[in-house]
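Hi,

I have a structure to hand over to you, and it is pasted just below. Once you have had a look, please read on for what turned up in it.

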Amino acid sequence: MIDIKNLIFEYDRGIRVLDNISLSCKNGESVGLVGANGAGKSTLLKLLVGIADKYEGEIKVDGLDVNKKNISKIREKTGYVFQDYDSQLFMPKVVDDVAFAPVNYGFAKEEVDRRVDKALTQINIEHLRDRHIYKLSGGEKKLVSIATILSMEPEIILMDEPSIALDPKNRRNLINILNNLGQLKIIASHDLDMIMDTCKRTVLLSGGRIAADGDTREVLSDKELLESAGLELPLRLQK
Amino acid sequence: MSRLDNAIHELNHIEDVAGRDQWVNNIHPLVKLALTIIYIIIVVSFGKYNLSGLIGMAVYPAAVFILAELSFKDSLKRLKVVLPFVCIVGIFNPFFDRIPIYNIGSFTVTTGMISMLTLVIKGVFSVLASYLLIAITTIEEICFALRLIHVPSIIVTQVMLMYRYISMLIGEVERITKAYSLRAPGQKGIHFKVWGSLVGQLLLRSMDKAEAVYESMCLRGFNGNFYYSEKHKFVMSDIIYFAVWLIILLVFRFVPIVRAFGYIFG
Amino acid sequence: MHMADALIVPAVAATMYVCSSAAAAYSVKKVRLEYEPKKIPVMGIMGAFVFATQMINFTIPGTGSSGHLCGGMLLSAILGPFAGFLTMIGVLLIQCLLFADGGLLALGCNVWNMAFYGCFIGALLIWRPIMKSGMSRAKIIVASVLGCVITLQLGAFSVTLETLASGITELPFKTFLTAMQPIHLAIGLVEGLITAAVLVFIYEARPELLWGYKEEMQKKPALSFKTTLVILSVVALLIAGGLSLFASSYPDGLEWSIEKLTGSTELEAVGNVYERAADIQDATALLPDYAFKDSESALGTSFSGIVGSLVVVAVCVAACYAFRFFRRKRSVAS
């Protein structure tokens, strides 16, 4: 599904954010992308959907090179959940925002309605359908922002810090929802406990390089490795 | 800064009131918008000495207040925004226009006093009419009505976006100014040394936010167009509501109702 | 200064709606031609931003009072005149609907008085010519102050015209005008300084956000800080001197009318109130009566205008030094 080979990305002033990254993910996998602040997690996700460009190396999403020509096809297959739900949700009402993508991709009204209903039921927020977005709580907004990409029926879901600013109950709810989604998911976060609950595989980024890539339990229980990458053991493994 | 709190409170309050499920709220938004504009036009079209005719126009706001079960008190604070300037302009009329009309005891009523009074009443009525519109119609419905009369979509879209982000940005300003005043006790406003950086920071943050919103739109197939789910169709009751009010307003405008009643009871 | 519905008659409202709609239609065409879908969210959020910043109180140095931002000039310096104008329409519409500031009928007038002058005149006739050969801090300050002062003067003039054309007030034209213009000179100055402060900050942090900023232009030698200050002072002197001459040249000025009125017996009570108000004004104003007492000559009046503009220049200079001081402190800190 996703194939990255020797990816290098630099900002304008020559600051290297990603350094020789190679990574491939299969259909249906759940991959945790962990690393300290500034390790390049968000940049990597943004490169996959072409919000950041001018990279060196090769990125393929579902066999398509990420470039200007393919980008709209790739974006149609890929749902990206922003860290900040206020950027994700810009329409006045929940239903308008969830319908935004299917309407823009030109589906007929019945199909749009079907997708909106399906997305809302999938994460149990049918009751929010006609509510105003600016009146929702943070937890509700997070769930709605996930619904806005589920209505695209994407094959790949990218999430940037999905559990940030959620209270324990909402966080647990989010974990259950993530576990029920069958698509390929890449979840960037430093909430390592959430990664343990949602992802089988974990990629650890440190200083723009892949420091480890393997089974979540193994990667996240290696105290020295985590500390060298600016992280700590997940809370449940701390004694 | 209580002004910001008030603004957020006011926004939420209006939204709650307008979102109620009552029959006046459910009338087609274009009907309500058109009636409001017609009403205001009729009110301001009264001559400056036609006090009695103007008073008759109270019928519309009074009726809608009752029909929509709205609190009159809530609407009063909106008057304080517009009335001062209206009063300042009107206050000079008694000085310049001093033809006596009649005496009440030793007090002489002049034409200028009448024209000042009509001016203030026009101000009150027009503000009340706008308040009633927004209290029974949500912003999305008004935007829907604007699209129906072919206001360019770029203007309507931006009103919607603005409305979506107003409370968020007001909240941000409130936090910034609160953080400022906590570290600058005893200052009433923002000191000029930080005018630029305080507002500038907020502006940069807003631009970043706009950038992120644009990215989020693009990732979901944005092609420059917006579609909203808001849909209303004209039904019989909308047309009746419109026609009845139009007749009432025109009768009150062109038939001296108040004076007629004055003759009957006087 | 928002026009209220009550102050206009339908004919005036309709005329102004036609004028504003024409400007809006032209802007829509221009913005569509640019075809930058990105502008749509930027306009919406900048509108909300203007809305929020209007609620901030800015302390005016040396006085106890505070000023506010109106935003037309600021918006067009970021978005360009056309997108800025459309954004201002949105702001004014929401203001009149949600906060009863202005009115539905007067919207056409308000769009013209505030958005049209602020965006079209401010951006096209003031900002663009000044920035033609590259930007600098001094130029931004000049353009912001000049832009805000001039566009507010035009706006106040239009408010006067619209009110009088509606036959609402008995105030003679000249009297009304002499009351409106000086007040708005002060308001425009404060707004200009706030706008300047914000734009200078943006210029230093992210200059590419400013309308008309081109990097290659910056290499050319721009006007020096001092030259610009001199130009600014001369312009301010001329405007202030001219305005006060204009203000004094009509014998039926506001003071004269009220003086005549207080002489009459019927309205004594009201007259006393006004007298007291005038006393308070005398006590607080920097230059009571806009001229030396007992001197009705044009010379005296324009002398006070010049003193006034000197004060203005002093404030400008002080503000500029404040920026510089602030900037140095920042660069030391970083």
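Helices here are DSSP runs of H or I with at least four residues, numbered from the N terminus. In that numbering, Glu174(B) belongs to helix α9 of chain B, which covers residues 153-183. Please keep in mind that this is a predicted model.

Is Glu174(B) buried or exposed? Its relative accessible area is 12%, and since buried means under 20%, Glu174(B) is buried. Leaving aside residues up to four places away in sequence, Glu174(B) touches Leu4(B) and Asp5(B).

Now to the domains. Chain B splits into domain 1, made of 16-151 + 232-259, and domain 2, made of 152-222. Seven residues from domain 1 of chain B and seven residues from domain 2 of chain B take part in the contact. The C-alpha centres of these two domains of chain B are 34 Å apart.

What does the interface look like in terms of area? Domain 1 and domain 2 of chain B bury about 610 Å² between them, and carbon and sulfur atoms account for 85% of that area. On the domain 1 side, 68% of the area buried against domain 2 of chain B comes from Ile139(B), Cys143(B) and Val151(B), more than from any other three residues.

As for polar links, there are zero salt bridges between domain 1 and domain 2 of chain B, and one residue pair is in polar contact across their interface, with both residues at pLDDT 80 or more. The side of domain 1 of chain B that touches domain 2 has four nonpolar, one polar and two charged residues.

Best wishes

Definitions and conventions
Residues numbered from 1 in each chain as written. Chains lettered and ligands numbered in written order. Predicted model: local features only at pLDDT ≥ 70, side-chain atom pairs only at ≥ 80, totals over all residues. Heavy atoms only, no water. Domains from an automatic or database assignment. Contact = heavy atoms within 4.5 Å. Buried area = accessible area lost by both parts, 1.4 Å probe. Salt bridge = Lys/Arg side-chain N within 4 Å of Asp/Glu carboxyl O. Polar contact = N/O pair within 3.5 Å; in protein donor to acceptor, adjacent residues only side chain to side chain. Nonpolar A, V, L, I, M, F, W, Y, C, P; charged D, E, K, R; others polar. Helix = DSSP H or I, 4+ residues; strand = E, 2+ residues; numbered from the N terminus. Buried < 20%, exposed > 50% of the residue type's maximum accessible area, 1.4 Å probe, protein only.
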